[in-house]
Amino acid sequence: MAQHHDDADARRAAARETLAQGRAVLGIELGSTRIKAVLVGEDHVPLASGGHAWENQYVDRTWTYPLDAVWHGLRAAVADLLADTERRYGVRPTSVAALGVSAMMHGYLAFDADDELLVPFRTWRNTSTGAAAAELTELLGYNIPLRWSVAHLHQAVLDAEPHVPDVRFVTTLAGYVHWRLTGRKVIGVGDASGMFPVDPVTRDYDADLLARFDAHTAGRLPVARLVDLLPEVLVAGQEAGRLTDEGAALLDPTGTLRAGAPLCPPEGDAGTGMVATASVAPRTANISVGTSIFAMVVLEKPLARVHHEIDLVTTPAGDLVAMVHCNNGASELGEWAGVFGRFATALGSDAGADEVFGVLLREALEGDADGGGLLAYNYLSGEPITGLDEGRPLIVRTPDSRLTLGNFVRTQVYAAFGTLSLGLRILDAEGVEVDTMFAHGGLFRTAGVAQRLLAAAVDTPVAVGRTAGEGGAWGIAVLAAYVASGATDDLGTYLSTRVFADAEIDVVEPDAADVAGYATWLERYADGLAVERAATEAL
């Protein structure tokens, strides 16, 4: 016991020295519901964190965040972080070795020649760009999703919005915050790839597609070249400016935080998620399971065809990534866990929600590999991949199916993966190969169960970290540390040798019986979508 205390005291003293001498690295991420700031040490281990909750607003039929809320939230998160360092270590750091900013991708922040915002920030959540996205996808031969910045800009052109002639700069939320902190209008290549298509060879906006866009929009934009409205593209490892006095005051009005620290290129949340799971090299991938579920697969070569179900973005190093995004993830499974939890309470049990959830997941392993003939649809909302504008959660079975608790729960877990599997089939048909999937999300807190079933669903080894990840704020802190280190290794090597070399990872290989059972279930699932469609029309 004494040795344990001695070790803890030594670690605390080392952390205090790191913070006091300005050797820690600061990462900030502006997520959809929370702004988080984290300080990490030279070993990339988090030392302290702070946060601030915020919510988007629906104003004049537009999902937005006021820019005042951006800066209020950033100051609150940084103040919370500095208070946390003082509480833990008795020191308030006055400088950092480097910092980075990440935020939700896509959207539209348009400024005039005087750097004044022209229209309220339009976030990724807005779906008013259908005409522009369809027109640009056809024009460019490249899938342009509704949420991309160029779709927002072109929709403003199509709608002849009065602000368009005054536009002189368009950026993302991360790009905007970085600009105000450093004075530089730059963006990380991963975030840039959600503004306009990026060429993975040049790691910059695709020149041919830019020329095609410019010819198509000639005379309708205030500049001849779209690239003159966009931020400069940088890749991971490049210094992207330094914190100015004005920028330091924006983050910390108390004056504790001094200017001068280098910044890494600002990135989007998809890029920081890839970094946080060490999934940046070709043939690596990560799957995030929460309210939604999505897979990010780093490609070895471009896809042969345009697929409306597949978004093409890049890693923070500029390598091409195929993204399969599904609106519906584990929420319906969580609803059923609540029902069984209430049943347990009615029987006099004092089991908590996590215990109930764990028992149910473990019971899934007792079910038949094909779910015993049961089907489940977890569609609480519409699902673009299967062409449904609305959702109806369903349980479907035939008279000869085997309704057991194990089959029921296994089928609910399968349902969380079903639509994702249909999207991944497209990548399989393109010959895309993956060595390991890294999975993260609350579904994997119960060791081994969802991980084993996901391995069956993707027929690929699935890795899960034994400790919860620190999220995007930690991911951008790692990218900032990459800049501060001056490392000449590529990003994938840096992550594998310096960040994750000693990480505790559990890898589960796909079980042949589970793979065959899931394949049978998925065929029934695809055929049964007719029932789901009928339900959305009738109910």
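Author: Two strands pair if DSSP finds at least two bridges between them; helices (H or I, at least four residues) and strands (E, at least two) are DSSP runs, numbered from the N terminus. This is a predicted model, in which local features need pLDDT of at least 70 and side-chain atom pairs count only at pLDDT 80 or more, while totals for chains, interfaces and linings use all residues. Residues are numbered from 1 along each chain as its sequence is written, and side-chain values use heavy atoms, with hydrogens and water left out.

Reader: Over how many bridges do S16 and strand S17 pair?

Author: The two strands form a hairpin with 5 residues between them, and Gly 318 in the turn has a positive phi of about 100°. Val 313 stands opposite Val 321 in S17. S16 and S17 (residues 320-326) pair in the antiparallel sense, and the number of bridges is 4.

Reader: Which residues of strand S16 (residues 311-314) are buried on each side?

Author: In a regular strand the side chains alternate between the two faces of the sheet. Buried means under 20% relative accessible area, exposed over 50%, and partly exposed in between (1.4 Å probe, protein chains only). Both faces of S16 are covered, with Asp 311 and Val 313 on one side, and on the other Leu 312 and Thr 314.

Reader: Which residue forms a salt bridge with Asp 319?

Author: A salt bridge is a side-chain nitrogen of Lys or Arg within 4 Å of a carboxyl oxygen of Asp or Glu. The bridge of Asp 319 has an N to O distance of 2.8 Å, and its partner is Arg 203. Asp 319 lies in the loop between S16 and S17 and Arg 203 in the loop between S10 (198-199) and S11 (204-205), so the pair ties together parts that are 116 residues apart in sequence.

Reader: How far apart are the closest N and O atoms of Arg 425 and Glu 523?

Author: Arg 425 is partly exposed at 35% relative accessibility, and Glu 523 is partly exposed at 41%. In this salt bridge, the closest N and O atoms are apart by 2.4 Å.

Reader: How many residues apart are Arg 88 and Asp 84 in helix H2?

Author: These two side chains form a salt bridge, with the closest N and O atoms 3.0 Å apart. Arg 88 is partly exposed at 45% relative accessible area, whereas Asp 84 is buried at 6%. Both lie in H2 (residues 67-89), and their separation, about one turn of the helix, in residues is 4.

Reader: Which strands stand at the edges of the open sheet?

Author: The sheet has 5 strands in the order S3-S2-S1-S6-S13, with mixed pairing. Each edge strand has a single partner strand, so one side of each is left without a neighbour in the sheet; these strands are S3 (46-53) and S13 (267-268).

Reader: At about what angle does H2 run to S3?

Author: Axes are lines fitted to C-alpha atoms, for helices over the stretch in contact (heavy atoms within 4.5 Å), and angles run from 0 to 180 degrees between N-to-C directions. H2 lies across S1, S2 and S3, and its angle to S3 is about 145°.

Reader: Which residue just after H5 takes a positive phi?

Author: Helix H5 (residues 173-182) is mostly covered, with 9 of its 10 residues buried; among them are Tyr 176, His 178 and Trp 179. Just after H5, a positive phi of about 85° is taken by Gly 183.
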